[in-house]
Amino acid sequence: MDRNFQRQPKESNQMIFGIRAVIEAIKSGKDIESLFLQRGIAGGLMSELKTILREYDIPSQQVPVEKLNRITAKNHQGAIAFISPITYQKIEDIIPTIFENGEVPLILVLDGITDVRNFGAIVRTAECSGVHAIVVPKKGSAQINPDAVKTSAGALYKVPICRHDNLLSIARFLKDSGLQVVSCTEKTDDFIYKPDYSAPTAIIMGAEDEGISFDLIRNSDYLTKIPMMGEIESLNVSVSAGIILYEVVRQRIGASSL
């Protein structure tokens, strides 16, 4: 599988602090993993930073000064950012490359997976099972930090991660690109074995507590669930992802041997 569209990774999250330093990092094209701004702070430089955040569509969190002081004792001026250890990609650029390489796309969409270790474990399984790219939302997703990289066993350096504002628009783009969208949810009677995964496929996994958003479910081609034989009603999301991804592998290996 050709994943040369993934640029070389950085080693780890790098903290930068100070309003001007954060502005320059954004202007230089750094991928910001997380950004904390002091609640209630004002001034010309902070206004400039907020304007740039809107221009570059970078989310931020308004937090009390005490949280910033816990992160660093240095003069942060009300702004602390962490640069991502990976370079984010755009799924719109990746899908054409997959088809041009003569491969059948397999995309994983993670809706609201916030636990870092679950996320890392999912990425590790995704790399092993041949997933071409993973799509996550800009807000409400696990931070990609050294813990996530470690849990993924380095797979975060191999599988392109795409971060987008609106997962619904991405699902529609994937469908328009010829992929079937399969949501793994308990809100169905159909099992994960029903779809034909030899076709171009995007699989959506949701958070264990809230599941997949209604809009994504409504725009899916298939709703599927994992059979449950015991009394416990749910599986860890990273385990669930592994089960459905290897059903894809099973079907595709079978189809390729015909």
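Close-up 1. Glu208 is found in the loop that runs between strand E9 (201–206) and helix H8 (214–218); helices (H or I, at least four residues) and strands (E, at least two) are DSSP runs, numbered from the N terminus. This is a predicted model, in which local features need pLDDT of at least 70 and side-chain atom pairs count only at pLDDT 80 or more, while totals for chains, interfaces and linings use all residues. Residues are numbered from 1 along each chain as its sequence is written, and side-chain values use heavy atoms, leaving out hydrogens and water. Glu208 has 48% relative accessibility, so it counts as partly exposed (buried means under 20% relative accessible area, exposed over 50%, partly exposed in between; 1.4 Å probe, protein chains only).

Close-up 2. Helix H4 covers residues 91–100, and its buried residues are Ile91, Ile94, Ile95 and Ile98. Looking down the axis of H4, you would find these buried residues within an arc of 100°, so they line one face of the helix (the arc is that of the directions from the helix axis to the C-beta atoms). Asp93 and Glu100 are exposed on the other side of H4.

**Close-up 3. A salt bridge between Lys138 and Asp57.** The side chains of these two residues, Lys138 and Asp57, meet in a salt bridge (3.1 Å, N to O), meaning a side-chain nitrogen of Lys or Arg within 4 Å of a carboxyl oxygen of Asp or Glu. Lys138 is partly exposed at 24%, and Asp57 is partly exposed at 33%.
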